[in-house]
Amino acid sequence: MNSMPLASRPAAAIHDYLAPVFAQYPLEVVRAEGVWLFNNKGERVLDLYGGHAVAALGYAHPGFTRALCAQAEACNFQSNAVPMEVRLRAAERLVRFAGLPFTSVFFVNSGAEANENALKLAFRMTSRPHIAAIEGSFHGRTAAAGAITWGAQQKWYNFPRTPFDVSFIPRRDESAIAAHVTDKTAAVIVEPVQGLAGAVDLGAQFLAALRRRCDEVGALLIFDEVQCGMGRVGYPFAANLYGVMPDMITTAKALGNGFPCAALLTSERVSSALKLDLLGTTFGGGPMACAAMEAVIEAMESEHLLERVRRVSDYIRANCVVGPITGHQGAGFLTGLRTTRPARQIQAELLEGGILTGTATDPQVLRLLPPFILEEEHVDMLRDSLADLPA
């Protein structure tokens, strides 16, 4: 009988039972600190991808770690049936951080779940059968969220039918909005800066046109800020950046800095329609998640991280159009670098040199989603590495 503790066995001795559904980088991470990942050889890699835009505070952030440890010791979980002050505090902190006229927060577990509940509310309030989304969108892999994700039905949707009618508005095409947003439309859902598509900034003018059309026909406007929200564009939300107020915002990813959590923020129009038992969740709003959210917002505010995002993202744009990079797009730390060659080639070459980046559904875009604690000296490393690559 093998009595060696599992943690000390060679990696080859552990059978891989994981579902083979994820392509993986040639990088095994054993620990992380700040903006650095460390592999099993002790080598460090600069993380400019942040675990799909999640690690807003980077790694081993002391305030975040203390908050989770303290909450785990006090009470690691209770359901929403039991009142908890930490849940009230997290909701108030999130609304105040947003700086927008939202009046309620519904905590859930993931961006897809937040989007599902936003759509459910839109259908309940309007009794209409149709949702308008945007070409290039990604909203999640569940039944409703997948139905409004561009290209999902051809690639991975796999449900026999969508649960409602869907149409897709061409990006930034204001002239097409009226044909897609009618008196049959319950809601328009939009990523103000599209993430997986390659950091595509839809712009204030297009978003304002969506707002006007929703008001004209009585539809709701939902901003999916799962990736671009919670400070990633250098403001609390893209709604702040563009000056367009939606009826609902969904957010996740950076909200918990790696602890699974998400939120649906609703305006008074939507909040007034909420009733007991209309929405539900088991783990959403758990005390550990709420402690994580509080700690993230505290760090963003006390360490002035939104100002840093704006400053350092400007530095990226001013200095990283070198080598195989021809331009940039997006906003804040949701940045797409346009490439002369397939972005996956450049991503692989950068990783060989100790820098982790992301790609996008656009094969000519290298996507950057770094922690908000990134500094100019780290950008200089990216610039120098890019400059050394063949165009």
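Analyst: The largest cavity is lined by Leu48, Ile316, Leu368, Pro370, Leu374, His378, Val379 and Leu382. Residues are numbered from 1 along each chain as its sequence is written. The model is predicted, so local features need pLDDT of at least 70 and side-chain atom pairs pLDDT 80 or more, while totals for chains, interfaces and linings use all residues; side-chain values rest on heavy atoms, without hydrogens or water.

On a 1 Å grid over the protein atoms alone, a cavity is a set of points where a 1.4 Å probe fits but cannot get out, a pocket is an open set with protein on both sides within 12 Å along at least five of seven lines, and lining residues have an atom within 4 Å of a point. The model has 1 cavity of 30 Å³ or more. The volume of the largest cavity is about 40 Å³ (the space filled by probe spheres set on grid points joined across faces, edges and corners). Its lining comprises 7 nonpolar residues, 1 polar and no charged (Ala, Val, Leu, Ile, Met, Phe, Trp, Tyr, Cys and Pro are nonpolar; Asp, Glu, Lys and Arg charged; the others, Gly among them, polar). Helix 14 gives the largest share of this lining, 3 residues (helices, H or I of at least four residues, and strands, E of at least two, are DSSP runs numbered from the N terminus).

The ring of Phe372 pairs with that of Phe333, with centres 6.4 Å apart and planes at 50°, so the pair is tilted (rings of Phe, Tyr and Trp, its six-membered ring, pair with centres within 6.5 Å; planes under 30 degrees apart are stacked, over 60 edge-to-face, the rest tilted). The model contains 6 aromatic pairs.

Strand 14 itself contains Thr335, which is buried at a relative accessible area of 0%. Thr335 and Val200 are 135 residues apart along the chain, yet 8.6 Å separates their C-alpha atoms. Arg211, in helix 8 (204–217), is buried as well, with 13% relative accessible area.

Helix 3 (85–98) and strand 4 (102–108) each supply at least two residues to the lining, and strand 4 gives the largest share with 4. In this pocket the lining divides into 12 nonpolar, 5 polar and 3 charged residues.

Two loop residues complete the account. Asn158, between helix 6 (152–155) and strand 6 (165–169), has a positive phi near 70° although it is not glycine. Asn158 is exposed, at 72% relative accessible area. His304, also other than glycine, has a positive phi of about 55°. His304 sits in the loop between helix 11 (287–302) and helix 12 (305–319), and counts as partly exposed at 48% relative accessibility.

How values were computed:
Buried means under 20% relative accessible area, exposed over 50%, partly exposed in between (1.4 Å probe, protein chains only).
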